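This briefing covers selected local features of one protein model. Please keep the sequence and the structure in view while reading.

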Amino acid sequence: MRSWERKISYGFALTIKQAYADLIASGLSATSDPAFLDIHVWAQGPVAEAIEGEPDTTLERDLGADGAVFVTRRYQVFTDMIPRLIERGVSFVEIGGNDDILVTVLSNEDIDAPDGASTLFSYQLPTDPTTIRTGMAVPVGDLHETIQDLVNAGARLEHVYDY
């Protein structure tokens, strides 16, 4: 086959593949919404005082004796905020409508799940075999105690999966 025939045939094949990829992308964008960047959290304790000064965090509703609902940013921003709120006396009732949540911690040795939590997985990090990542299912109502127990056992909070 001559070089110009190859260029035309490969060019035509790539054009068809690109048109198919564009069709799939437009179908996905029509049927799925982008992820929400905020999360609603129902907590108890001195919630209004605890979230004061936290960036991108607002009190949505005071529920009196039942606590309060606040809105904050998801992902790592929320994970980093949780220990600060716990230190200020906040406990959690629901996070994003969930009453169970996945928590991952990093440690230098195996960590046992505290009471109420269950270990889902545990493995050495491929990039650092001295570090172990452990994932646990934790009842949201026990999160404040569980995180403290894990820290006391030598673990570092890696992420709270808020979905």
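V103 is found in strand β5, residues 100-107; strands (E, at least two residues) and helices (H or I, at least four) are DSSP runs numbered from the N terminus. The structure is a predicted model, in which local features need pLDDT of at least 70, side-chain atom pairs count only at pLDDT 80 or more, and totals for chains, interfaces and linings use all residues. Residues are numbered from 1 along each chain as its sequence is written, and side-chain values use heavy atoms, with hydrogens and water left out.

- V103 counts as buried because its relative accessible area is 3%, where buried means under 20%, exposed over 50% and partly exposed in between, with a 1.4 Å probe and protein chains only.
- From V103 to S3 the C-alpha to C-alpha distance is 57 Å, and the two residues are 100 apart in sequence.

**Largest cavity**
- One cavity of 30 Å³ or more is found in a search of the whole structure; a cavity is a set of points, on a 1 Å grid over the protein atoms alone, where a 1.4 Å probe fits but cannot get out.
- The largest cavity holds about 30 Å³ of space, the volume being the space filled by probe spheres set on grid points that are joined across faces, edges and corners.
- Its lining consists of V105, I147, L150, V151, A155, R156 and L157, lining residues being those with an atom within 4 Å of a point.
- Helix α4 (143-152) and strand β8 (156-161) each supply at least two lining residues, and α4 gives the largest share, three residues.
- Six lining residues are nonpolar, none is polar and one is charged; Ala, Val, Leu, Ile, Met, Phe, Trp, Tyr, Cys and Pro count as nonpolar, Asp, Glu, Lys and Arg as charged, and the others, Gly among them, as polar.

**Loop residues with positive phi**
- D56, a residue other than glycine, has a positive phi near 55° and lies in the loop between α2 (47-51) and β2 (58-62).
- D56 is classed as exposed because its relative accessibility is 58%.
- Y75, also other than glycine, has a positive phi near 65° and is placed in the loop between β3 (68-73) and α3 (76-87).
- Y75 has a relative accessible area of 38% and is therefore partly exposed.

**Helix residue I24**
- I24 belongs to helix α1, residues 3-31.
- With 40% relative accessibility, I24 is counted as partly exposed.

Definitions and conventions:
1 Å grid on protein atoms, 1.4 Å probe; cavity = no way out; pocket = protein on both sides within 12 Å on 5 of 7 lines; lining within 4 Å.
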